[in-house]
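Please keep the sequence and the structure in view while reading.

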Amino acid sequence: MASTKNETPVCFSINSPPFNYNHTIASAYYSAVFTGLGLSSNLFAFVVLVKAFQRSQSPSCSSFLIFLSSLVVTDFMGLLVTGSIVVSFHTTRFNWRELDPWCHFCNFMGMSMVFYGLSPLLLGAVMAAERFVGIHRPFARYANMSKSRALSTVLAVWVFAGCVSLLPLAGLGSYHLQLPGSWCFINISSQPLDMTFCLVFCLVGLLSLAVSFLLNTVSVVTLLRICCGQGEMQRQRDQELEMMGQLVWIMIITSICWCPLLVFIGQTVLSGSHLKIGSLLLWLRFATCNQILDPWVYILFRCSIFKRILPAGKDRPHGSRISLYRTSTTSQRRLVQPLTGVEVACGEVPFVEDLSIPKAS
């Protein structure tokens, strides 16, 4: 978005540096600690997922871990790219207009904010669909969801999010420097093109959250129905707790962190009201918290953690699994389908292998 020397570049047309900004130690420390905590959390989660991937023995389990790993990588890169720019600004207090007279750097950060903002929401919807199929059609997922297909799905999500982030460069909307001068983001205004892009951003995010909420809720209800219909030992299965815990907490954290920002942007452009910078910064920090809290869901809600909390599940004899299936055909079909998906989520071999008839000695 270049212009002549006598014209103000588009990204600085609303907020043009330098600003009367009171640089405080707290702001620099806050940004650095926030970024460092997020990067270390995602790095720790990635190591946990890599180890789980190496231990996995089924294609469906590997695809599930690929989705989780791609979400961790996306959150890590988002914090690394945007956080390094913000921390650099608080540390050096550089002048955006002198550093970036043609708005290339500002556009890059704006694209990064949109790309790394939408990608986790879209991946969350894809993961919800994958789990939904895994719980209700476990054998179909076990047969069809290969590693290459999972990787292709992740790449498709990233390409879609990248295309959305490129729309302002094609003329639909624009990226602008935002107060207090440390970051660039979409121009939240009621101008037709800017409003259209803001609504596209909000609708993609909210639809992703809605799909995740719907599919995760159905999956949780299905698992609860299975749990309530079985004995105490079956209810304490750590595999069910792992799946249900991840389903519930990812849904809750993502909704709490992202809904306020998306709703705020939509309300602002539709009502034509003046942009409240304080509210925008508050909801943006809420959304950033999602990148820090997400990895701890993967770290904490694992089979090994629940085995420490519920040691009784560790001592349960292996033969109790098979004895639960010595019931009627209807009950057998009811249990095998949902619980197979749960076992796969924990990095174990699907249940169908546990039910194989042992060879005669």
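Which residues of α6 are buried? They are A150, V154, V157, A161, G162, V164 and S165. These residues cover an arc of only 160 degrees around the axis, which puts them on the same side of α6. The model is a predicted one, and the points below are grouped by topic.

**Helix α6 and F160**

- Helix α6 spans residues 147–166 and has 20 residues. From its first C-alpha to its last it reaches 29 Å, close to the 28 Å expected at 1.5 Å a residue.
- F160 is placed in helix α6. F160 counts as partly exposed because its relative accessibility is 42%, and the range for that class lies between 20% and 50%.
- If neighbours within four places in sequence are left aside, F160 is in contact with L122 and V204.
- F160 and S119 are 41 residues apart in sequence, and their C-alpha atoms are 8.5 Å apart in space.

**Helix α4**

- Helix α4 covers residues 104–136, a run of 33 residues. The span from its first C-alpha to its last is 47 Å, close to the 48 Å expected at 1.5 Å a residue.
- Helix α4 is mostly covered, as 24 of its 33 residues are buried.

**Aromatic pairs and a cluster**

- A search of the whole structure finds 10 aromatic pairs.
- One of these pairs is formed by Y30 and F34 and is stacked, with 5.4 Å centre to centre and 25 degrees between the planes.
- Both Y30 and F34 lie in helix α1 (residues 25–55), four residues apart, which is about one turn of the helix. An α-helix has 3.6 residues a turn, so residues three or four places apart point the same way.
- Y175 and F197 form an edge-to-face pair, with 6.4 Å centre to centre and 90 degrees between the planes. This pair links distant parts of the chain, 22 residues apart: Y175 is in strand β1 (residues 175–178) and F197 is in helix α7 (residues 192–228).
- Y175 counts as buried because its relative accessibility is 2%, and F197 counts as buried because its relative accessibility is 1%.
- One aromatic cluster is formed by F89, F94, W96 and F105.

**H90 and its polar contact**

- H90 belongs to helix α2, which runs over residues 59–92. With a relative accessible area of 6%, H90 is buried.
- Which side chain does the side chain of H90 meet in a polar contact? The partner is the side chain of S31, at 3.5 Å.

**Regions listed in the UniProt record**

- An unreviewed UniProt entry lists several stretches under "transmembrane region", including residues 28–52, 109–129 and 150–173.
- Over residues 28–52 the chain of the model is 100% helix and 0% strand, with the end C-alpha atoms 36 Å apart.
- Over residues 150–173 the chain is 71% helix and 0% strand, with the end C-alpha atoms 32 Å apart.

Conventions:
Residues numbered from 1 in each chain as written. Predicted model: local features only at pLDDT ≥ 70, side-chain atom pairs only at ≥ 80, totals over all residues. Heavy atoms only, no water. Helix = DSSP H or I, 4+ residues; strand = E, 2+ residues; numbered from the N terminus. Buried < 20%, exposed > 50% of the residue type's maximum accessible area, 1.4 Å probe, protein only. Polar contact = N/O pair within 3.5 Å; in protein donor to acceptor, adjacent residues only side chain to side chain. Phe/Tyr/Trp six-rings, centres within 6.5 Å; stacked < 30°, edge-to-face > 60°. Expected span 1.5 Å × (residues − 1). UniProt positions renumbered as here; feature names shortened; annotations may be inferred. Arc of directions from axis to C-beta. Contact = heavy atoms within 4.5 Å.
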